[in-house]
Amino acid sequence: MTTAQKLSFDVQLSDHARTSAEREQVLASPGFGQVFTDHMISIDYTEGRGWHDARLMPYGPLSLDPATSVFHYAQELFEGLKAYRQGNGAIVSFRPYANAARFNTSAARMAMPGLPEDTFVESLELLVQTDREWVPATEGHSLYLRPFMIATQPALGVNYPSKTYKYMVIASPAAAYFGGDKAVSVWLSTEYTRAAPGGTGFAKCGGNYAAAFVAQRQAVEQGCDQVVWLDAHEHRYVEEMGGMNLFFVFGDRLLTPALTGTLLPGITRDSILTLAGDLGLKAEEGRISIEEWQAGCESGELTEVFACGTAAVVTPVGAVKGADRAWTVGDGTQGPVTRRVREELTGIQYGTRPDPHGWVHKLC
Ligand SMILES: Cc1ncc(COP(=O)(O)O)c(C=O)c1O
């Protein structure tokens, strides 16, 4: 964490904001991450000075020197969370301080400055308050918030990190990322590795995602929706799925791969570990190999598998394919535990169920 001075935001409103008719047209079918709201947040950092020039400004392109460090060495990181419109009119987010904390964990790994957690949350509040009309009212839709930070020093020296950075937040209305309760099929990636011990797997840095595209493309070529990452040593132990964590359901017991440093500590994952107890389920972190996954499905002991994350919430996994094996999970469709977990989680987020853990944070 660095210079914790209280920043005040300069507010510059857009003089070319979309009309309500234009906005409604987007909100009728928002897709995911394609259209952005009228404003964005920007805060600059300079070594020795700390964070400065905090502002809300009209959404628009950046002008950067071609030598800017982020273009060459990918010194950057991001977060992802949502603003939900609840039935009572409140607009809320889900555990934004957990995103702020993960932002700073990623920053430490990427030799970047931390941002005070209150400033992170305040930046979300200001952007969502300003662009509140962009938060969809349709059930299951939300405003996806994308805080990120880039290294901005125009210098090619590879031996030291940038001395300047820019933190930004942009926002985009979002529909359900996959098809809601439709089960996805997954490809077990034995050719490519997402992360190895000592690497950046636990950090939300762009390089992890750049390195994943080729495996995701291979999954699609194999007729699957998503890639499942395995451990770097043996390519046997399950780590996570694309941009989501995984849960394995053995009747009333949930198992999720432990946080070994190579997988992203998902906030949805962490929340489900807590919610499981509320739902009368046992939950544990551990290790599961692809052989155990297949054998569990074949014996019937492993009843359901689901993936979880901010974008796609809780998504059932129905079919698994690898280079030399393929099998179905349960009957290949969503099971009852997956449904209950999703309903509980989305109920808290949209305010239709109680929030016993105080996870909901009012943005405006
Ligand atoms: C690689 C990866 N794993 C897991 C997740 C799920 O994390 P969260 O539940 O915080 O969205 C994400 C999404 O942020 C991700 O990108």
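**Figure 1. Lining of the largest cavity in the predicted model.** Strand E5 (81-85) gives three residues to the lining of the largest cavity, the largest share. Helices (H or I, at least four residues) and strands (E, at least two) are DSSP runs, numbered from the N terminus. H7 and helix H9 (336-350) also give two or more residues each to this lining. Among the lining residues are Leu81, Lys82, Tyr84, Ile267, Thr268, Leu345 and Gln349. By class, six lining residues are nonpolar, five polar and one charged. Here Ala, Val, Leu, Ile, Met, Phe, Trp, Tyr, Cys and Pro count as nonpolar, Asp, Glu, Lys and Arg as charged, and the others, Gly among them, as polar.

This is a predicted model, in which local features need pLDDT of at least 70, side-chain atom pairs count only at pLDDT 80 or more, and totals for chains, interfaces and linings use all residues. Residues are numbered from 1 along each chain as its sequence is written, and side-chain values use heavy atoms, with hydrogens and water left out.

**Figure 2. Space inside the largest cavity.** The largest cavity holds about 110 Å³ of space. The count of cavities of 30 Å³ or more comes to one. On a 1 Å grid over the protein atoms alone, a cavity is a set of points where a 1.4 Å probe fits but cannot get out, and a pocket is an open set with protein on both sides within 12 Å along at least five of seven lines; lining residues have an atom within 4 Å of a point. Grid points are joined across faces, edges and corners, and a volume is the space filled by probe spheres set on the points.

**Figure 3. The largest pocket.** The largest pocket contains about 1100 Å³ of space. It is lined by 43 residues, of which Phe78, Arg146, Lys204, Tyr209 and Gly243 are the closest to its centre. Helix H5 (206-210) supplies five lining residues, the largest share. The lining has 22 nonpolar, 15 polar and six charged residues.

**Figure 4. The ligand and its shell.** The ligand sits in the largest pocket, meaning that more than half of its atoms lie within 2 Å of the pocket's grid points. There are 16 residues around the ligand (a heavy atom within 4 Å). Lys204, Tyr209, Glu240, Thr268 and Thr310 come nearest. Helix H7 (267-278) and strand E15 (304-309) each supply at least two residues of this shell.

**Figure 5. Atom pairs at the ligand.** A nitrogen atom of the ligand lies 2.6 Å from a polar side-chain atom of Glu240. Thr310 places a polar side-chain atom 2.6 Å from a ligand oxygen atom. At Ile267, a polar backbone atom is 2.8 Å from an oxygen atom of the ligand.

Conventions:
A polar contact is a pair of N or O atoms within 3.5 Å; within protein, one must be able to donate a hydrogen and the other to accept it, and residues adjacent in sequence count only if both atoms are side-chain atoms.
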